[in-house]
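Please open the model in your viewer and keep the selection tool at hand. The tour goes from one selection to the next, and each stop says what is there.

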Amino acid sequence: MPMNAILVANHQAYRKPDFLAVAAEIRRVGPQVGSEVASKDGGAPGARAAQLLRRTRTVKLCGSTRYWALRGAVAHRREGGKIGSYRLMQAAGLPLPRWTVIEPATRLDPAEWGKWVVLKPARGKRGQGVVIARAEEVRYQPPESFPEGHAGREGPMLAQRFIYTGPWPVHYRVVTVFGRPMLSFRYEMLHELQPPLAHAEGFDDGKPRGIPTSPRSKDPGAFTCNGTYAFDEDVLALARRAHAAFGDVPMIGFDIMRDANDGSLHIAEGNQSSVWMISGDRGEAWKARGLDGYKQFGAIRVVAEAIADATRRLAR
């Protein structure tokens, strides 16, 4: 039976041709699935008209939320932000490092948390404001005590158990679409940014220090990490499993760490916004450094197949 997949995307932040290519590929891989592209602000009359004629599945990519579907099921990000995603993954039994919201009464026992913890804002901004601190010294700070521009002014701070990933911080970013990996990069901090860390308790002082969890700072041209393609099957399998916990959220960027001591995997975050990493400023910057998100797994085809399959299962 004919049906529709309506793609809602942010054309200002990402290349519109990407989404037109996905729509064309959906029509190729799913002959019974028509596909239209709409903007996040509600454009594309053709997409509106198509919904009136067939069963429809609307997919809001890139965290888009303003577009209102006329009919059918809508796949979009879950509310609740970082804290909500942590609770969701925790309830699903996923390997999430121990974490807590820092409140006025918060006291962290090193015997339970380890000597060091990662402090991060609940409202993430590409890794800004993330530092390592002594567990026993963690204390609540009122939002107004943070400097201007710090995300701690906009929401609570979190503490997360520190996972030692090697002499320099390493993590994997795996972006999944309805559970299918569309890209997988491995990031390692540039060695010139700080001395190597020999072991999990090897910090030589108690001062908070930055731990870049994003490959770039707020300056689009400034990189804090080197990146390589990652094909580790256990990492990809964990990302697939983790996406299942989010239900029909269409696209998630998982940050996954590997413990350097025992090889175990841990999910640092599951990001539901701004994870279309094959284009836009991040995609172009990484492409210039040899990482082409389009090519690794065939991202356009992967996204199209995932959306076509979701539409066949859930359009109404």
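Begin by selecting the five strands that form an open sheet in the order 12-10-9-13-14, where the pairing is antiparallel (two strands pair if DSSP finds at least two bridges between them). Strand 12 (225–229) and strand 14 stand at the edges with a single partner strand each, so one side of each is left without a neighbour in the sheet. From one strand to the next, the twist averages 25 degrees. Strands here are DSSP runs of E with at least two residues, helices are runs of H or I with at least four residues, and both are numbered from the N terminus.

A word on what you are looking at: this is a predicted model, in which local features need pLDDT of at least 70 and side-chain atom pairs count only at pLDDT 80 or more, while totals for chains, interfaces and linings use all residues. Residues are numbered from 1 along each chain as its sequence is written, and side-chain values use heavy atoms, with hydrogens and water left out.

Next, select strand 9 (residues 170–177) together with strand 13, which run antiparallel and are joined by six bridges. Within this pair, Thr176 stands opposite Ile252 in strand 13.

Is Thr176 buried or exposed? Thr176 is buried, with a relative accessible area of 0% (buried means under 20% relative accessible area, exposed over 50%, and partly exposed in between, with a 1.4 Å probe and protein chains only). The side chains of Thr176 and His243 are joined by a polar contact of 2.6 Å, a term for a pair of N or O atoms within 3.5 Å where, within protein, one must be able to donate a hydrogen and the other to accept it, and where residues adjacent in sequence count only if both atoms are side-chain atoms. Leaving aside neighbours within four places in sequence, the contacts of Thr176 include Ala239, Met251 and Phe254.

Move on to the four strands that form an open sheet in the order 2-1-3-4, with parallel pairing. At the edges stand strand 2 (33–39) and strand 4 (73–75), each with a single partner strand, so one side of each is left without a neighbour in the sheet. Inside this sheet, select strand 1 (residues 3–9) and strand 3 (residues 55–60), which pair in the parallel sense over six bridges, and find Met3 opposite Arg55 in strand 3. Helix 7 packs on the sheet, touching strand 1, strand 2, strand 3 and strand 4. Helix 7 (residues 299–314) also lies across strand 9 and strand 10.

For the last stop, select helix 3 (residues 81–91), where Lys82, Ile83, Ser85, Tyr86 and Met89 are buried. Seen down the axis of helix 3, these buried residues fall within an arc of 165 degrees, so they line one face of the helix; the arc is that of the directions from the helix axis to the C-beta atoms. On the other side of helix 3, Arg87 and Ala91 are exposed.

Definitions and conventions. Axes fitted to C-alpha atoms, helices over the stretch in contact; angles between N-to-C directions. Contact = heavy atoms within 4.5 Å.
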